[in-house]
Amino acid sequence: MNIDYRVAILLLFLVIALIEVGKGRFSWPRKTTRKDLILELTSGFFIPVIIVPGAFLGAMWLGKRFLPELENIYAELPGWAMFLALIFADDLSQYWWHRISHSVPKLYSFHRAHHSAEYMSVSIVYRNSLIYYFLMPGIWLSGLLVYLGFGVIYPWYAVAKLTVIMSAHSSVPWDQPLYKNKWSRPVMRFLACIISTPTTHAAHHGKHLSDAATHYKGNFGNFFFFWDLLFGTAMISEQRPKAYGLENVTPASWFAELLWPPKIDSNDHV
């Protein structure tokens with residue numbers, strides 16, 4: 001696999017981070033704690049550098065071990081067909097993995113680190129339990145598809161998906177000015193039905209269900225928001241939540257959220 005796409009993703013992260021720094025929205029002195037810094041620095045290194053490549057290599061090893069005759073068998077498929085297959089294998093499976101993780105308390109314990117931040121920022125993109133990412137079906141399926149011959153298209157898919165995901169987590173909402181302009185508003189509302197945007201994804205990170213702009217029991221889409229519309233979990237608002245974080249969930253240490261899942265209380269809202 002070409003390493004250039006990883007450099008492109010890193011540069012994209014840095015550009016969005018610099019924009020947040022320029023707006024004073026990358027480091028939140030009143031909200032960012034020592035626990036937040038440990039979670040984001042550790043997961044931000046281990047997940048993209050160790051966990052995701054490890055799952056890819058694991059999937060490719062399984063392919064070579066059990067399906068040696070299928071290596072690169074689909075390398076001649078049209079690029080659009082590969083891209084479409086990756087959307088279903090990776091992004092649709094991640095939608096369901098994400099949705100199930102919010103429905104099953106034990107699985108939510110692997111994901112709660114992503115929601116314990118009381119702010120939005122590109123810095124929380126990889127903020128998750130290492131186990132949550134390692135078990136993510138879409139990564140393993142993507143690795144298998146690369147083994148089957150999708151290696152040429154996967155870098156383009158990965159850059160497109162991470163562009164959407166990073167911008168959707170950013171504390172600088174590029175979609176808000178488009179909602180306020182009468183000419184661009186219809187275009188923005190249509191786009192919000194297709195991909196994740198800062199406002200629709202911020203709703204998923206909102207802290208209080210009583211806030212009309214919060215919808216943490218939905219808006220599970222990562223690359224494509226369309227899945228939420230298709231499966232009835234969408235809430236589209238032009239407003240952002242007043243607060244972010246966990247509502248009615250027992251606090252846990254950084255170690256528990258990063259490596260060893262804390263016990264989920266039966267009264268916790270997931």
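Contact means heavy atoms within 4.5 Å. The exercises below concern a predicted model, in which local features need pLDDT of at least 70, side-chain atom pairs count only at pLDDT 80 or more, and totals for chains, interfaces and linings use all residues. Residues are numbered from 1 along each chain as its sequence is written, and side-chain values use heavy atoms, with hydrogens and water left out.

**Exercise 1. The chain as a whole**

State how many helices and strands the chain has, and examine its radius of gyration against that of a compact globule.

Solution.
1. Helices (H or I, at least four residues) and strands (E, at least two) are DSSP runs, numbered from the N terminus. The chain has 12 helices and zero strands.
2. The radius of gyration is taken over C-alpha atoms, and the globule rule is 2.2 Å times the number of residues to the power 0.38. For 270 residues a compact globule would have a value near 18 Å; the chain has 19 Å, which agrees.
3. Along the principal axes, the C-alpha atoms fill a box of roughly 55 × 50 × 35 Å.
4. Among contacts with a separation of 6 or more, 75% are between residues 24 or more positions apart.

**Exercise 2. Ser93**

Determine whether Ser93 is buried or exposed, and identify what its side chain reaches.

Solution.
1. Ser93 lies in helix α3, residues 79-101.
2. Buried means under 20% relative accessible area, exposed over 50%, and partly exposed in between (1.4 Å probe, protein chains only). Because its relative accessible area is 17%, Ser93 is buried. Of the 270 residues of the chain, 51% count as buried.
3. The side chain of Ser93 reaches the backbone nitrogen of Gly138 at 3.4 Å.
4. Apart from neighbours within four places in sequence, Ser93 is in contact with Phe88, Pro137, Gly138 and Leu141.

**Exercise 3. Glu238**

Locate Glu238, and find the partner of its side chain in a polar contact.

Solution.
1. Glu238 is found in the loop between α11 (226-230) and α12 (254-258).
2. With a relative accessible area of 17%, Glu238 is buried.
3. A polar contact is a pair of N or O atoms within 3.5 Å; within protein, one must be able to donate a hydrogen and the other to accept it, and residues adjacent in sequence count only if both atoms are side-chain atoms. The partner is the side chain of Arg189, at 2.8 Å.
4. Leaving aside neighbours within four places in sequence, the contacts of Glu238 are Gln176, Tyr179, Arg185, Arg189 and Thr199.
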